Amino acid sequence: AKATPSCFYTNRMGASKDEPYGTTPIPTSLAGGVPVDISVDTSTFEEAQQPQTQQIAVYEAKRNDECINGSLLDVNQHFVVYAVKNGLIRVLHRHSAMKALLRGHHNSQVTDIRFFLDGDVLGTVGSDGTTSKLIVWRVFEQSPEIMSEKLLEIRATDFTMSRLLWHPFNPNQFWMFQTTGAGLQAATLVETTRIQTTLDETESHAVCQLHSSHCIMDGAVQLFHPDSNVTDLAWSGRDTRHILTVHEGGPIILWDLKKDMHHDRRENGGHFTIPTKVAVLEEESSQSKCCFLPHENSVSQQGQTDAITTCFVTASENNSVITLWSSFTSSALPTKLQVIRLQNPSPSYAMDLCFGPAPQDASPPSCFLLLADRHEGKLLAVHVQAQWNANQKALCVGADYIVPFALKHPIYSWSVVCSPTQDISEEEIQEQAGLIFDMKLFSYQAKGVQCL
C-alpha cells in the first residue's frame, strides 16, 4: 500500500499564549478520508513552559546514536536503573539512599535496560565489539543492601544483540534483536524454558548454549526481512498472537504467530521458524518506531467489524515523522489518519506513548504521544483524542493538539510511567477517568537523571 495524497497544514500561527503555553490545535480529519499532513513549527518553544523536575542523579551521560530506541534507563516501584561509564549499570533505591552496581557488561556499551512489568526481573543488553551479551537479572532489596543475581546469560561472538522486548505477561519469553548471518537485523523469540543451558563456571548461573553460530535454538521463531533491518517491534494490545514490525527501507509488517509458519534453513545460520505475514505496507521512508494505540478503530472506519488489531502509530526518519493509522482488519489494509512532521528536525527523537485507564462509564481514553529531542532540550506532547461508539468501544478521532515543553538538557532515553492521578476527587474519577492521569518521565539526560 503506497502513501495516499495528503492535505497540508502548518501550525505556524495559532499557538496559545495561555497555559499550557504554546499549545497548538491541529485538525483531526478531512472529508473524503484523505490523511492530514501536519507540519509542526518548533518556534513555539520560545513560549513553552518547563515541566516540574525532580533530580535523581547527577551524571555526565553519553548518547547512543546507534540504537535510538534502546532504553538506557528503566524503573519499577523500588528502583531506578540506568547505564553509567564502562558498561556498568547503576541501581538506585527510589525511597532510600541504597545503591548498587551491576557489572555484567563491564567495558561494553550498554544498549538496552528493561524491567519485566513492575517486578524484580531485569533484562540488559551490551556489546564490546567482540562479544555481545544479553543478561536476565533478579534485582531485589535485602536491607541494608540492594542484591542482584544473574538468572540467564546469552553470549555471542558471531552476532550482535542490541535490544530485548518482554512478552506482555510471560517472563519466560522475550524478543531479542540480533544480527543475522547476512548482517541484517532480525527479531528472535527467546523462550527460556526451551533453550539449552549450562552453568557458568564462576557464578553458577544459566548460560545459553547456542544451537549454531547465529541461532539460539533449533526452530526459533524469527521475524526477518531479506532486504532490510527490523528497527522496532510491538506486541498487539489486543492479544499476543499478532506482532507489528517496522523496517529500514519502509516495510511495515503485521505477523501472526499462530497461523501457518514456514521453515527457513540458512547457511551457517541455523534453522528458524518464520511466522505468516498478515499484511505488508510499503512506505517510501525508513521506519524507526511503532506502537499500538488503545482505540478499537478510527472514527472514519467505525463501520468495520472485522478489526484484528487496534489503531497504531509508526514513526520514520529517526522518529521525526509520526503517522497515525486505522486498525488492521481481515478485509482491508489500514488507512492513514494523520502525518505529523517536525520542521527542521533534529537528527533523532525518543518516542513513547502514555494513556490512562478508561472505565466504560467514564470518559473515553485520552492518550499522549511523547517526543523528546535527543539533541536539544525540547519535548512535545501530542494529544490523541477518542470517543465512544455505540458499543462503548474507544474510537480514535486523531491528534487534536500539541503541547511543547522546554528542558534544560536533552533527553537521550527515558522510561514513561502512567498512573491514576493522586490529586482528584472520587466524583472526578468517575466522570473523567479516561482523561485525567499522571505522567512521570524518568529521563536519562545529558547531565543526569531526572523525573519530569
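## A buried salt bridge

Arg163 and Asp232 are both buried, a label that means under 20% relative accessible area, with exposed set at over 50% and partly exposed in between (1.4 Å probe, protein chains only). The two residues form a salt bridge, with their closest N and O atoms 3.0 Å apart. Arg163 belongs to strand S13 (residues 161-166) and Asp232 to strand S19 (residues 230-235), so the pair ties together parts that are 69 residues apart in sequence. Strands here are DSSP runs of E with at least two residues, numbered from the N terminus.

This is a predicted model, in which local features need pLDDT of at least 70 and side-chain atom pairs count only at pLDDT 80 or more, while totals for chains, interfaces and linings use all residues. Residues are numbered from 1 along each chain as its sequence is written, and side-chain values use heavy atoms, with hydrogens and water left out.

## Other salt bridges

The whole structure holds 18 salt bridges. The criterion is a side-chain nitrogen of Lys or Arg within 4 Å of a carboxyl oxygen of Asp or Glu. One of them joins the side chains of Glu296 and Arg238, at 2.4 Å from N to O. Glu296 sits in the loop between strand S25 (287-292) and strand S26 (297-298), and Arg238 sits in the loop between S19 and strand S20 (242-247), so this pair ties together parts 58 residues apart in sequence. Glu296 has 27% relative accessibility and therefore counts as partly exposed. Arg238, at 32%, also counts as partly exposed.

A further bridge links Lys336 and Glu283 through their side chains (2.9 Å, N to O). Lys336 is in strand S29 (residues 336-342), and Glu283 is in the loop between strand S24 (276-282) and S25, so the parts tied together are 53 residues apart in sequence. Lys336 is buried at 12% relative accessibility. Glu283 is buried too, with a relative accessible area of 10%. Elsewhere, salt bridges with shared partners join Lys133, Lys150, Glu153, Arg155, Asp200 and Glu203 into one network.

## A six-stranded sheet

Six strands make an open sheet in the order S9-S10-S11-S12-S17-S16, and the pairing is mixed. Its edge strands are S9 (109-115) and S16 (197-199), each of which pairs on one side only. From one strand to the next, the twist averages 25°. Angles run from 0 to 180 degrees between N-to-C directions, with axes as lines fitted to C-alpha atoms.

Two strands pair if DSSP finds at least two bridges between them. Strand S10 (residues 121-127) and strand S11 (residues 132-142) are antiparallel and share seven bridges. Val121 stands opposite Arg138 in S11. Pro144 is in the loop between S11 and strand S12 (145-156).

How many residues of strand S27 (residues 312-316) are buried? Five of the five are, so S27 is largely enclosed by the rest of the structure. Phe312, Thr314 and Ser316 point one way, while Val313 and Ala315 point the other way.

S27 runs antiparallel to S25, joined by five bridges. Lys289 stands opposite Ala315 across this pairing. S27 also pairs in the antiparallel sense with strand S28 (residues 321-325), again over five bridges. Here Ser316 has Val321 as its bridge partner.

Most residues other than glycine have a negative phi, and most peptide bonds are trans. Glu317 is not a glycine, yet has a positive phi of about 50°. The hairpin of S27 and S28, where this residue is found, has four residues between the strands. Glu317 is partly exposed, with a relative accessible area of 43%.

Asn344 also has a positive phi, about 45°, without being a glycine. Asn344 lies in the loop between S29 and strand S30 (349-355). At 74% relative accessibility, Asn344 counts as exposed.

## Around Asp264

Asp264 is part of strand S22 (residues 262-266). Leaving out residues up to four places away in sequence, Asp264 touches Gly270, His271, Phe272 and Ile274, where contact means heavy atoms within 4.5 Å. Gln222 is 42 residues from Asp264 along the chain, and their C-alpha atoms are separated by 9.5 Å.
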